[in-house]
Amino acid sequence: MSKETMLLSQKEIMSLVTMKDIVESVDKTFQGLGNGTVINPTKVLLNLGETAPWPPYEGYMNAMPAYVGWCDIAGIKWAGGFLGERKKAGLPYITSMILLLDPHLGEFRAAMDGAFITNMRTGAQTAVALKYMYKKGKSLRLGLYGAGMQGRTQTMAISELFDITGMKVYDINRAASEKFAEEMKGYVKGKIEIAATPEAASDADVCVLVTQAQDSFFQYSWFKPGMFLFPMGSYQECSDECIRKADKLVVDHPGQALHRGALGKLGEAGEITEATLFSTIGELAAGKKHFTAADANDRTICVPIGTGCMDVGVAYLAWQRAKEKGMGSAFAFV
């Protein structure tokens, strides 16, 4: 048996897996989280100045290990985001690598770029969560906050499972919204409208917030009955009132979601606890909890904060396909 480790570049991974593949992988991995065949410890945060006073690099890195039962692979993603010098250098916000490990022998099978997988699976998480929560048919109106890469992958993934019959996009940079509308029109059945104000984008069935905003800009008065709200930025994005008055709170990983992002402040204060949550996405995917048509007027907040198992599952697909196609390079570390 070869002891060489496969090396895969971002360009190679992009040629090996599609958004459809990633949505299906994320769905299976959520089912595994729900039935106990996926193991996902809480991520470990290294704060490199994102919110800490030292060191001054305006970034963070997360160590995200996991075992994914449906493909019998272990792995870890080492990933984060940086502004500061990285932004000035014109580099993407996200930086990431993934390692895959054979859990039988403890041999490292692959080392690969993780940024593309991170962006794509983050969109897929929203689509899969909606698959189990949204009971109004196969069409929806989407309100999107943030016209960057995450906004694109959210739209791509949701369009795999639903017809987006109308879309409103808001970004503090209007030019970014205009570019988004032109590039993403092929994924949207209806018209993409550029919202002049944040409130205008909230006229939707589903609102997805993928911004770098550090203020709780999304107001409860915009959070209409029946809406699904996905505040997915690093900070809170929606008001305390939205969280306190939501009929249902759904997360991917309670140990993470209650201490970071949208629920972090109220979670650390003990106001939101695991007992407060309606369910995890895994419990929905595994059929342990259910949304029904009777919940049609509920206000639901869903926070897929991000788990390493999703990345490991997609990385496994890329590794398997690279082996089949003779792609990637090999390196013997030992």
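Q: Where does Asp 72 lie?
A: In this model, which is a predicted one, Asp 72 sits in the loop that runs between β4 and β5, the latter covering residues 73-82.

Q: And what is its phi?
A: The phi of Asp 72 is near 50°, which is a positive value in a residue other than glycine.

Q: Is Asp 72 buried, exposed or something in between?
A: Asp 72 has a relative accessibility of 32% and therefore counts as partly exposed, since that class lies between the cut-offs of under 20% for buried and over 50% for exposed.

Q: Which place does Glu 237 have in the chain?
A: Glu 237 is placed in the loop between β12, residues 228-231, and α7, residues 240-245, and its phi is near 70°, again a positive value in a residue other than glycine.

Q: Is Glu 237 buried or exposed?
A: Glu 237 counts as buried, because its relative accessibility is 0% and buried means under 20%.

Q: Switching to peptide bonds, which residues does the cis one join?
A: A cis peptide bond joins Trp 54 and Pro 55, with omega at about -5°, and Pro 55 belongs to the loop that links β3 (44-48) with β4 (59-68).

Q: What about Pro 41, where is that?
A: Pro 41 is found in the loop between β2, which spans 38-39, and β3, and with a relative accessibility of 39% Pro 41 counts as partly exposed.

Q: How far is Pro 41 from Arg 152?
A: Their C-alpha atoms are separated by 29 Å, while along the chain Pro 41 and Arg 152 are 111 residues apart.

Q: Now the helices: at what angle do α4 and α5 cross?
A: The axes of helix α4 (residues 115-133) and helix α5 (residues 149-161) cross at roughly 40°, and they come within 8 Å of each other.

Q: Which hand does the crossing have?
A: It is a right-handed crossing, with α4 passing α5.

Q: Last topic, the surface: which residues make the nonpolar patch?
A: Ile 76, Leu 99 and Phe 108 make a nonpolar surface patch of about 230 Å².

Q: Where is Leu 99, and how accessible is it?
A: Leu 99 is part of strand β6, residues 94-101, and its relative accessible area of 34% makes Leu 99 partly exposed.

How values were computed
Residues are numbered from 1 along each chain as its sequence is written. This is a predicted model: local features need pLDDT of at least 70, side-chain atom pairs count only at pLDDT 80 or more; totals for chains, interfaces and linings use all residues. Side-chain values use heavy atoms; hydrogens and water are left out. Patches are made of residues with over 30% relative accessible area and no salt bridge: like charges are joined within 9 Å, nonpolar side chains (Val, Leu, Ile, Met, Phe, Trp, Tyr) within 5 Å. Accessible areas come from the Shrake-Rupley method with a 1.4 Å probe; for residues, only the protein chains shown count as cover. A salt bridge is a side-chain nitrogen of Lys or Arg within 4 Å of a carboxyl oxygen of Asp or Glu. Helices (H or I, at least four residues) and strands (E, at least two) are DSSP runs, numbered from the N terminus. Buried means under 20% relative accessible area, exposed over 50%, partly exposed in between (1.4 Å probe, protein chains only). Axes are lines fitted to C-alpha atoms, for helices over the stretch in contact, and angles run from 0 to 180 degrees between N-to-C directions. A crossing is left-handed if the near helix is turned anticlockwise from the far one by less than a right angle, and right-handed if clockwise.
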